[in-house]
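Biologist: Please take a close look at the pockets of this model. Which residues and elements line them?

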Amino acid sequence: MDTRQTLRAHCARHLDTLRAEGRYRDFARLEKLADRFPVYRWHQPGAGPGEGREIVVWSSNDYLGMGSHPAVREAAAGAAALHGAGAGGTRNISGTSPLHTGLEAELADWHGKPAALLFGSGYMANQAALSTLLTALPGMEVFSDAMNHASMIDGMRRSGAKRHIWRHNDLAHLEELLRAADPASPKVIAFESVYSMEGDIAPLHDLCDLAQKYGAITYLDEVHAVGLYGPQGAGIAERDGASHRIDMIEGTLSKGIGVYGGYIAGETDWVDYIRSVAGGLIFTTALPPTVLAATLASIRQIRQDAPLRARMAGRAAALKAALDAAGLPRLPSESHIVPIPVPGADRCRAVARRLLEEHGLYVTPINYPTVPRGTERLRLCATPFHTDAMIADLVAALRAVLSVAEAA
């Protein structure tokens with residue numbers, strides 16, 4: 001067998017299938033303009049150096065625009081000047097600095113936990129923490145919300161633990177599964193606070209009640225909530241007064257905080273155990289000083305900037321109201337995430353393409369396998385910096401493009 005030729009043919013066939021199903025991923029080249037967020041410069045295919053068109057981005061995960069905040073940019077520049085660009089190694093090979101330990105202390109305090117641990121990304125945090133936690137005791141079983149993120153699922157699968165999937169936010173189904181499980185088996189209930197494709201929010205206290213009733217550990221993914229909710233922006237658990245009932249919180253530094261990386265926060269021994277045995281931490285180069293300094297500056301700004309969070313909530317409400325007034329469909333989001341249903345992978349991608357090419361608006365099309373087939377959607381996120389005029393332009397463009405798509 002010619003392995004090279006066989007692999008090349010396999011990849012080509014698979015790519016052809018993805019294109020035929022409307023699932024082939026094109027990455028738009030978007031140049032972020034820090035002083036003009038959420039305005040970006042789109043570099044169209046074939047454009048030369050320095051060429052591009054200014055557009056408005058409606059799908060950024062930099063929910064508060066903190067990636068462009070002057071204090072955050074200044075902290076990154078200062079750290080580069082003082083410490084250089086890279087960490088110099090893994091955490092155990094010259095890669096741990098006072099910036100690392102300082103940021104972990106800040107994160108632990110933010111979430112009201114004794115300890116926190118940094119990872120290279122939110123994906124890595126979930127994968128490493130769950131795969132390690134679920135192998136700590138023999139016979140571990142994990143109960144997972146059906147809409148949990150791929151990184152959580154990856155960590156669960158890697159652990160080999162028995163996995164029970166409960167219907168999204170269906171507490172009766174979760175309890176049915178818990179009741180049927182072996183009472184002697186150690187259990188983890190894993191869920192998110194804000195679900196990024198639906199925009200809905202988990203009932204944290206009800207989940208904690210079930211965990212207490214059946215002796216389970218609670219593991220909460222707050223990646224789409226940290227920075228955005230609660231008196232200090234620590235997330236839905238803080239907002240709902242549930243932080244003390246959550247055993248382990250996982251978060252990201254790349255969305256509401258606007259920088260890069262991931263983390264967990266929880267009991268000291270649990271966090272130390274994961275730090276000591278998780279390959280995803282031990283064998284990965286540490287986060288660089290620029291990222292750490294920028295993140296610390298961002299979190300400290302967020303913790304005392306309730307008006308910024310209020311502006312984001314106000315912009316999200318204004319976007320929803322404008323969509324409703326125009327008769328445009330949207331899923332019943334409880335959060336800042338506003339999904340617009342556009343069933344059909346080809347149709348969803350075509351709508352997003354027309355919004356970009358004809359109206360200068362970038363909106364991410366969400367297709368299978370991120371969401372089930374037939375539930376494709378556009379995912380909108382209003383930041384504190386999206387104006388009324390931007391909202392009006394988006395609504396007008398959606399009405400024009402969706403009406404044409406319907407007619408087709």
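**The largest pocket and its lining**

Modeller: This is a predicted model. Start with the elements around the largest pocket. Five of them each supply at least two lining residues: strand S2 (39–42), helix H4 (122–133), strand S9 (248–252), helix H13 (345–359) and strand S13 (364–366). Helix H13 gives the most, with five residues.

Now the space itself. The largest pocket holds about 1,400 Å³. Its lining counts 48 residues. Closest to the pocket centre are Arg25, Asp26, Phe27, Tyr362 and Thr364. By class, the lining of the largest pocket divides into 19 nonpolar, 18 polar and 11 charged residues.

The lining of the second largest pocket splits into 11 nonpolar residues, five polar and one charged.

Helix H2 covers residues 70–83, which is 14 residues. At 1.5 Å a residue, H2 should span 20 Å. Just after H2 comes Gly84, with a positive phi of about 90°.

To return to the request: for the largest pocket, look to H13 for the biggest share of the lining. For its centre, look to Arg25, Asp26, Phe27, Tyr362 and Thr364.

Terms used:
Residues numbered from 1 in each chain as written. Predicted model: local features only at pLDDT ≥ 70, side-chain atom pairs only at ≥ 80, totals over all residues. Heavy atoms only, no water. 1 Å grid on protein atoms, 1.4 Å probe; cavity = no way out; pocket = protein on both sides within 12 Å on 5 of 7 lines; lining within 4 Å. Points joined across faces, edges and corners; volume = space filled by probe spheres on them. Helix = DSSP H or I, 4+ residues; strand = E, 2+ residues; numbered from the N terminus. Nonpolar A, V, L, I, M, F, W, Y, C, P; charged D, E, K, R; others polar. Expected span 1.5 Å × (residues − 1).
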